[in-house]
Amino acid sequence: MAKVSIGLRGWRFDEDEVFTDEGEFRPLDEVPDDTRRRLIRLTYLQGKPCDACYLIHGEAEKKRCNPAEFVYGEPMEEVLLCADHEADFLYWYREAGGSDHRGEETFRDEFHEWFAAGERAPEGYGGLDHVDTGTDELPTPPDPAELNRRLNENYEGKRKRIDLRTGEIRYEEWDERRGDDEDDEDAVDDVGDLDLGQDYPTK
Ligand SMILES: [Zn+2]
């Protein structure tokens, strides 16, 4: 089964799980849970800066950060990296004990601490060979609003909604307040803020 990255390199998806034969994104309720969480999480991560750049420049100088091109780790504890910093992450993961934290809630924090302490990959440390070419060639993640709309195409009394941070699909009772509940805090995608120190809720 062909594997494909979407939006950012690093996470890879089985093409058949994500796309229809026509190359459209599958309706999300047909996609396996883990795949769906990653896919939705990617829509949230698109356009975020590299974690390492952010640690260097900080919020005030956020404009100087490179946009992330790579994502590693598990959704919610993922590390975002630019091409300049991927090798530092890989070195940490392979040679500096990072892989011991694989799957742990502190995965990202551990890398941040290591990097913030001034640790780096040795000069010339190789990254992965990414066989495929430029980032431009990756399919872009689906549009979350469009996905939410498609989820509810076959509306039958309960509305489904995707949590844009966790990728969970929730069912909501349809009620009269429909329209006011669009600001449901879980569903709000506050793309403007990147708070790397934030503790994300665990699932
Ligand atoms: Zn960077």
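1. A residue is called buried here if 20 or more other C-beta atoms lie within 10 Å of its own, exposed if 12 or fewer do, and partly exposed in between, with C-beta atoms placed from the backbone. Helices (H or I, at least four residues) and strands (E, at least two) are DSSP runs, numbered from the N terminus. With these terms, the face of α4 turned away from its buried side carries the exposed residues R94 and E95.

2. The model is predicted, and local features are considered at pLDDT of at least 70 and side-chain atom pairs at pLDDT 80 or more, whereas totals for chains, interfaces and linings use all residues. Residue numbers start from 1 along each chain as its sequence is written.

3. On confidence, the mean pLDDT (the predictor's confidence in each residue, from 0 to 100) is 80 for the protein, and 73% of its residues reach 70 or more. Over residues 176–200 the pLDDT stays under 50, and for this stretch the model has 15 contacts beyond four places in sequence, a contact being a pair of residues whose C-beta atoms, placed from the backbone, lie within 7 Å. Where pLDDT is low, the predicted coordinates should not be read in detail.

4. A nonpolar core is taken as a set of buried Ala, Val, Leu, Ile, Met, Phe, Trp, Tyr and Cys residues joined through C-beta atoms within 7 Å. The largest such core has 31 residues, and C50, A68, V71 and L81 are those with the most contacts inside it. At least two residues of this core are supplied by each of β2 (8–14), α2 (33–45), α3, β3, β4 (79–81), α4 (86–95) and α5 (107–116), with the largest share, five residues, coming from α2. Leaving aside neighbours within four places in sequence, L81 is in contact with C50, D51, A52, A68, F70, E86 and F89.

5. V79 lies in strand β4, and V79 counts as buried because there are 27 C-beta neighbours inside 10 Å. Not counting residues up to four places away in sequence, V79 touches D51, Y72, G73, F89, R108 and F111. The C-alpha atoms of V79 and C50 are 8.1 Å apart in space, although the two are 29 residues apart in sequence.

6. In α4, the buried residues are E86, D88, F89, W92 and Y93. Seen down the helix axis they fall within an arc of 165°, so they line one face of α4, where the arc is that of the directions from the helix axis to the C-beta atoms. These buried residues of α4 pack against α3, β3, β4 and α5. Just after α4, G97 takes a positive phi of about 90°.

7. In α5, F107, R108 and F111 are buried, and they cover an arc of only 95° around the axis, which puts them on the same side of α5. An α-helix has 3.6 residues a turn, so residues three or four places apart point the same way. The buried residues of α5 pack against β4 and α4, while the face turned away from the buried side of α5 carries the exposed residues E113 and A116.

8. Strand β1 (residues 3–6) and β2 pair in the antiparallel sense over three bridges, pairing being assigned if DSSP finds at least two bridges between two strands. The bridge partner of V4 in β2 is F13. β1 and β2 form a hairpin with one residue between them, and G7 in the turn has a positive phi of about 75°. Five of the seven residues of β2 are buried, and β2 is thus mostly covered.

9. Two loop residues may also be checked. M76, found in the loop between β3 and β4, has a positive phi of about 85° although M76 is not a glycine, and M76 counts as partly exposed because there are 18 C-beta neighbours inside 10 Å. R64 has its place in the loop between α3 (51–57) and β3 (70–72), and R64 counts as exposed because there are 12 C-beta neighbours inside 10 Å. R64 and P49 are 15 residues apart along the chain, and their C-alpha atoms are separated by 9.1 Å.

Definitions and conventions. Two residues are in contact if their C-beta atoms, placed from the backbone, lie within 7 Å.
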